[in-house]
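Subject: Structure handover

Hello,

Here is the structure I promised to pass on. Please open it and keep it beside this email.

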Amino acid sequence: MVGDVWIKRRFRDLAVSINFPGVRGSLRLAMDSGLRTLLDYPRLSMLTAAIRVTEDLPGDVIEFGTFQGGSSGVILQQIGQAKTLHVCDSFEGMPNVSAEDNFHKKGDFSDTGAERVRSGLAKLGDNFQMHVGFFDRTIPEMEANGPLKFSFAHIDVDLYESVRTTLEFCYPRMETGGIIILDDYGAPTCLGAKKAADEFFGSKPESLEMLSRPSHGCIIGGDN
């Protein structure tokens, strides 16, 4: 058991160290395009590693919660033209919070804009779609537009209800071997996000592993 934990940690460290140099360049290009992110280099490196691990799987890539578009800009530079990046955000800040949430409030992270992010991403590639609005509206629209499958999903939404909603949408659409990363799982300001994820995966065969604090993730249908 101790050996398994050590191996997992070594692989995580290796994933970050291998992808770190490239991430610095990708983030610089994203920032030069007017995009910004609150994610640090280890978390961005882990996103890059996950995309590379899943690049040969069918399915698109999706990000819920992009704020000022920096993480989407890094992700877009990593995926091939055969995949589409789905960028989902209200671009109006957070919706109403629930009793499960311990820190954030409605309107947090409103310092952004859909056209600002769209313009920045367009300088980096054209294989992306913007889904602008709160998830209770945009998810039904995506469902109505036909079947979607995902090889990778990045969920960075901070709140209990938002995590539940996005997992319920993404999980059944993940390809076997695909990866879900929950950015806020280990954050002390996002206890609702952790509770939602624990409740959801409590009835699933996958278990969440720490990737790069505070983010956690799992391989769908695979060994974790």
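Below are notes on confidence, cysteines and cores.

This is a predicted model, where local features need pLDDT of at least 70, side-chain atom pairs count only at pLDDT 80 or more, and totals for chains, interfaces and linings use all residues. Residues are numbered from 1 along each chain as its sequence is written, and side-chain values use heavy atoms, with hydrogens and water left out.

Confidence: pLDDT is the predictor's confidence in each residue, from 0 to 100. The protein chain has a mean of 88. In it, 89% of residues reach 70 or more. Residues 1–7 fall below 50. Beyond near neighbours in sequence, that stretch makes zero contacts (heavy atoms within 4.5 Å).

Cysteine 170 is buried (under 20% relative accessible area), at 0%. Cysteine 190 is buried too, at 2%.

Cores: a nonpolar core is a set of buried Ala, Val, Leu, Ile, Met, Phe, Trp, Tyr and Cys residues joined through side-chain atoms within 4.5 Å. The largest has 31 residues. Ile62, Phe64, Leu167, Phe169 and Leu182 have the most contacts inside it. A second, separate core has 27 residues, including Leu44 and Val87. Leucine 182 touches residues including Ile155, Phe201 and His216, leaving out those up to four places away in sequence.

Best wishes

Notes:
Buried < 20%, exposed > 50% of the residue type's maximum accessible area, 1.4 Å probe, protein only.
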